[in-house]
Amino acid sequence: MTQWEGRRAAVFRFEYLFRCVSLGRQVGLIQFADGADAPRWKAFIREATLTTLGLEPAPAMPVFPPLALMPRLLRTQRFPS
């Protein structure tokens, strides 16, 4: 009998913060996303454009502005000693 038999695995929770997008060999950008990997600002810009054209009501601002995510991201990273 091993030390792990009969034990339940700890719940693993994973949320996306951003996705990296390659624009070529040496160029790229970060697209901020919500926990389910849905783009944050991309949807907002699309909705704001439709508002400007008079096709939709004004959108709500995204919940997490990108700069507010960076301290949270850095706290989750482990850096080598």
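This is a predicted model: local features need pLDDT of at least 70, side-chain atom pairs count only at pLDDT 80 or more; totals for chains, interfaces and linings use all residues.
**Phe14 and the surface**

I started with Phe14, which counts as exposed at 52% relative accessibility (buried is under 20% relative accessible area, exposed is over 50%, partly exposed is in between; 1.4 Å probe, protein chains only). Residues are numbered from 1 along each chain as its sequence is written, and side-chain values use heavy atoms, with hydrogens and water left out.

Phe14 sits in the segment before strand 1. Together with Phe12 and Tyr16, Phe14 makes a nonpolar surface patch of about 380 Å². For patches, residues need over 30% relative accessible area and no salt bridge; like charges are joined within 9 Å, and nonpolar side chains (Val, Leu, Ile, Met, Phe, Trp, Tyr) within 5 Å.

I then looked up the totals. The protein exposes about 7,300 Å², with 60% of that coming from carbon and sulfur atoms (Shrake-Rupley method, 1.4 Å probe; for residues, only the protein chains shown count as cover). Of its 81 residues, 12% count as buried.

**Layout**

I read off two helices and two strands, in the order β-β-α-α along the sequence. Both kinds of element are DSSP runs numbered from the N terminus: helices are H or I with at least four residues, strands are E with at least two.

How do strand 1 and strand 2 pair? They run antiparallel, over five bridges (pairing takes at least two DSSP bridges between the strands). Cys20 stands opposite Ile30 of strand 2. Five residues lie between the strands of this hairpin, where Gly24 takes a positive phi near 150 degrees.

I checked the contacts too, meaning heavy atoms within 4.5 Å. Among those with a separation of 6 or more, 18% are between residues 24 or more positions apart.

Leu29 is in strand 2, residues 28-32, and is partly exposed at 39% relative accessibility. Beyond four places in sequence, Leu29 touches Arg19, Cys20, Val21 and Leu23. Its C-alpha is 8.5 Å from that of Arg19, ten residues away in sequence.

Gln31 is in strand 2 as well. Is Gln31 buried or exposed? Gln31 counts as buried, because its relative accessibility is 17%. Leaving out neighbours within four places, I find Gln31 in contact with Phe18, Arg19, Val21, Pro39, Arg40, Trp41 and Lys42.

**Salt bridges**

How many salt bridges does the whole structure hold? My search gave two, taking a side-chain nitrogen of Lys or Arg within 4 Å of a carboxyl oxygen of Asp or Glu. Side chains of opposite charge can pair when their charged atoms come close.

One of them joins Asp37 and Arg19, with the closest N and O atoms 3.3 Å apart. Asp37 lies in the loop between strand 2 and helix 1 and Arg19 in strand 1, so this pair ties together parts that are 18 residues apart in sequence. Both ends are partly exposed: Asp37 has a relative accessible area of 21%, and Arg19 has 32%.

Glu47 and Arg46 also meet through their side chains in a salt bridge, at 3.6 Å from N to O. Glu47 is partly exposed, with a relative accessible area of 24%. Arg46 counts as partly exposed too, at 47%.

**Helix 1**

I finished on helix 1, which has twelve residues and reaches 16 Å from its first C-alpha to its last, close to the 16 Å expected at 1.5 Å a residue (the expected span is 1.5 Å times one less than the number of residues). Gly54 follows helix 1 and has a positive phi, near 80 degrees.

Ile45 lies in helix 1. Why does Ile45 count as exposed? Because its relative accessible area is 52%. The C-alpha atoms of Ile45 and Pro59 are 9.0 Å apart, with 14 residues separating the two along the chain.
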